[in-house]
Structure formats: C-alpha cells, structure tokens
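This briefing reviews selected features of the structure shown below, grouped by topic. Please read it with the sequence and the coordinates at hand.

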Amino acid sequence: MGAIEKVSRFAGKTFTFWVIIVAVLAYMYPGNFKWLGGYVVPLLGIVMFGMGLTLSAADFKEVFRRPKEVALGVVGHFIIMPLLAFLLAVGLHLPKEVAVGVILVGCCPSGTSSNVMVFLARGNVALAVSIASVSTILAPIFTPLLIFLLASKWVHISVGSLFLSIVQVIIVPLCLGFLIKKFFGKQAAASTKAMPLASVIAIVLIVSGVVAGAQAQIAKTGLLIFAVVILHNILGYCLGFFFSRLFGMDLSKQKAVAMEVGMQNSGLGVAIASTSFSPLAAVPSAIFSVWHNISGSILAFIFSKIDDKHKEEKDKDKKLAG
C-alpha cells in the first residue's frame with residue numbers, strides 16, 4: 001500500500017499536467033479516445049465515491065458552529081457563478097450549445113479540489129469543507145432549477161431528469177462512500193490512500209472522452225470557450241472574495257469563500273451535458289476542469305503570501321493587554 005500511496009500523491013500533485021497531456025492527445029487523435037465519452041457517469045461516480053470516503057460527521061460541525069458564514073458561502077456560490085455565466089453568455093452572444101455549457105458549469109456545486117487550494121492558500125479549511133459539502137448536497141435541488149431559469153432561453157430543460165441525473169451521479173456514490181467509511185472504517189482508511197490516484201485517472205479519462213467527442217466543434221469555437229471559461233473563473237474568485245469581505249469575514253475566510261465560489265465541480269457539468277445535452281455543451285466543463293486547477297494553484301500561492309495584518313495587530317494588542 002505504501003507504493004500505491006506514493007504514486008497516488010504524485011498523481012495528485014501532477015494532476016493538471018496529465019489532464020493537459022491527455023486532452024492534447026485526445027484532440028489530435030480523437031478516434032482513440034471517443035469511446036470514453038460513454039463512461040462519463042460511472043467515472044464521475046468513482047470521483048464522488050472517493051470524496052464520500054473522506055467525509056465525516058465532523059465536516060458538518062462547522063455548519064452548526066457558524067451557520068451564517070457557511071450559508072453566505074453557499075449562497076454566494078449559487079448566485080455569483082450562475083449569474084456570471086448567464087451574463088457572459090448573453091453579453092458575448094455565445095452560440096447556443098456553448099452558452100448552455102457555460103451556464104451548466106456555472107450552476108454546478110463547489111469543486112472537489114477547492115479544499116486543497118484553500119489549505120495551500122492558508123485559508124479557513126473547515127469553512128471551505130463545509131461550503132463544499134453543503135453545496136454538493138444541495139446540488140440536486142439548486143443546479144436543475146438554476147439551469148432551468150438561466151438556460152431555458154436556448155434549450156428545453158427537464159428539471160426532473162436533471163434532478164435524477166445529479167442524484168445518480170453525485171448523491172448516491174457520495175452517500176455510499178460516507179456509509180462505507182462509517183461502518184468499515186479500517187478498510188475505508190486503507191482505500192482512501194489509493195483514491196486520489198483513482199480520481200485523477202477518472203477525471204483524465206472524462207476530459208479525454210469529451211475532448212475527443214467534440215474535437216470538430218472545439219476546432220471552430222475552442223478559443224472562444226477558453227476565453228469565456230478563464231473570464232468566468234477569475235471573476236468568480238474576485239466576486240467571491242469581495243462578497244465575503246462585504247459581510248465582514250476575516251482574510252482566512254475570504255480566501256476560503258473566494259476558492260469555493262470560483263471553483264466548480266466541472267465533472268458534474270460534463271456528466272449532465274453528455275447525458276442531457278450535446279458533446280459541445282460538455283466542452284466548457286472539460287476546459288474548466290483543467291483551467292481551475294491551474295488558476296487555483298496560482299491564486300493559492302498568491303494568497304499564501306498575504307497575511308491578515310489587521311488580525312496580527314489585534315493579536316499583538318491582546319498580548320500587550322494581557
């Protein structure tokens with residue numbers, strides 16, 4: 001298991017590199033990867049099962065300790081990213097399928113890698129985990145409703161079928177992982193060491209299948225999608241940061257909310273687009289999957305160098321007073 005754990009850690013640290021390499025190969029040789037598009041749902045199920053294995057009741061204690069801040073983070077996530085997606089789609093006159101894809105990824109819950117980025121940024125990890133967990137659990141309700149409200153302008157939306165898809169792809173494997181950890185703790189603890197490797201492989205295969213399936217459309221609209229995804233993500237970070245600041249959160253919490261707002265569960269976007277819409281609609285989510293790990297790493301590095309000077313001054317005053 002030691003060797004698997006080392007390989008798993010290496011895969012997690014070099015995740016973005018492998019996604020980029022395989023995405024390029026899938027674009028150049030789509031015939032070799034297109035068949036993977038039919039396995040998006042079970043592959044994402046593996047990722048969410050792995051997330052479930054890492055969850056515990058303690059992760060939800062923060063919800064009861066500081067419900068206002070968790071609620072603000074979740075509300076910020078489900079308001080800022082969907083509205084940004086809609087405004088970009090309308091303002092830039094995006095083609096129908098691209099517009100739907102951008103809105104789709106904007107309506108997804110918080111990203112599975114955001115908690116790691118918050119840790120690297122020296123942010124409030126407990127708050128980040130709670131926001132990610134709550135937004136994921138609420139996804140079957142809010143994601144279909146938001147897609148219906150914002151994307152009906154372009155395509156017919158079936159809220160019921162989207163709800164069932166999200167429950168199947170997100171909630172079932174997540175709950176299964178959580179229950180296995182609760183009742184088979186030792187076995188689950190051993191499995192979690194290999195799960196980062198399994199998750200990386202699953203996401204890499206998902207991205208390659210989507211890129212191969214939409215290769216022709218990417219050739220026509222790829223640069224536009226890249227530009228919109230990058231703009232969407234960066235604006236999400238900025239607005240999430242200032243949104244939390246507006247409500248008086250300290251810097252560590254601002255870092256957490258910024259990451260949780262700006263990073264999406266783009267794998268879910270890929271799964272929904274692949275099963276309910278079109279291959280091109282899945283491309284923004286696939287590109288987001290690559291890009292937000294790059295931008296998240298850069299932002300985490302920048303955030304890690306920024307300290308809350310106001311908090312440090314308060315701490316010094318308390319020590320002097322004591």
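Just after helix 5, His93 takes a positive phi of about 50°. The model is a predicted one, in which local features need pLDDT of at least 70, side-chain atom pairs count only at pLDDT 80 or more, and totals for chains, interfaces and linings use all residues. Residues are numbered from 1 along each chain as its sequence is written, and side-chain values use heavy atoms, with hydrogens and water left out.

- Helix 5 covers residues 67–91; helices here are DSSP runs (H or I, at least four residues), numbered from the N terminus.
- With 25 residues at 1.5 Å a residue, helix 5 should span 36 Å, and its end C-alpha atoms are 35 Å apart, which agrees; the expected span is 1.5 Å times one less than the number of residues.
- His93 is found in the loop between helix 5 and helix 6 (96–106), and its phi is positive although it is not a glycine.
- His93 is exposed, with a relative accessible area of 68%; buried means under 20% relative accessible area, exposed over 50%, and partly exposed in between (1.4 Å probe, protein chains only).
- Arg122 also is not a glycine and has a positive phi of about 60°; its place is the loop between helix 7 (114–120) and helix 8 (125–151).
- Most residues other than glycine have a negative phi.

- Glu69 lies in helix 5 and counts as buried because its relative accessibility is 18%.
- Leaving out residues up to four places away in sequence, Glu69 touches Leu127, Met249 and Lys253; contact means heavy atoms within 4.5 Å.
- Phe243, in helix 12, touches Leu72, Gly76 and Ile80, not counting residues up to four places away in sequence.
- The C-alpha atoms of Phe243 and Gly73 are separated by 8.9 Å, although these residues are 170 residues apart along the chain.

- Gln264 is buried, with a relative accessible area of 1%, and Asn265 counts as buried at 3%.
- Beyond its neighbours within four places in sequence, Gln264 is in contact with residues including His77, Met81, Val105, Phe288 and His292.
- Asn265 touches Leu44, Met48, Thr112 and Ile170, among others, when residues up to four places away in sequence are not counted.
- Cys108, Pro109, Ser110 and Gly111 are among the contacts of Gln264 and also among those of Asn265.
- The C-alpha atoms of Asn265 and Leu164, 101 residues apart along the chain, are separated by 17 Å.

- Met259 is in contact with Ser114, Met117, Val118, Ala121, Tyr237, Gly296, Leu299, Ala300 and Phe303, its neighbours within four places in sequence being left aside.
- Ser199 belongs to helix 11 and is buried, with a relative accessible area of 14%.
- The C-alpha atoms of Ser199 and Ile46 are separated by 6.7 Å, and the two residues are 153 residues apart along the chain.

**The second largest pocket**

- The second largest pocket has a volume of about 360 Å³, a volume being the space filled by probe spheres set on grid points that are joined across faces, edges and corners.
- A pocket is an open set of points on a 1 Å grid over the protein atoms alone, where a 1.4 Å probe fits, with protein on both sides within 12 Å along at least five of seven lines; lining residues have an atom within 4 Å of a point.
- Its lining comprises 18 residues, of which Ala23, Val211, Ile218, Phe226 and Ile287 lie nearest the centre of the pocket.
- Helix 2 (15–28), helix 11 (195–213), helix 12 (215–246) and helix 15 (279–304) are the elements that give two or more residues to this lining.
- Helix 12 gives the most to the lining, with seven residues.
- By class, the lining has 15 nonpolar, two polar and one charged residues; Ala, Val, Leu, Ile, Met, Phe, Trp, Tyr, Cys and Pro count as nonpolar, Asp, Glu, Lys and Arg as charged, and the others, Gly among them, as polar.
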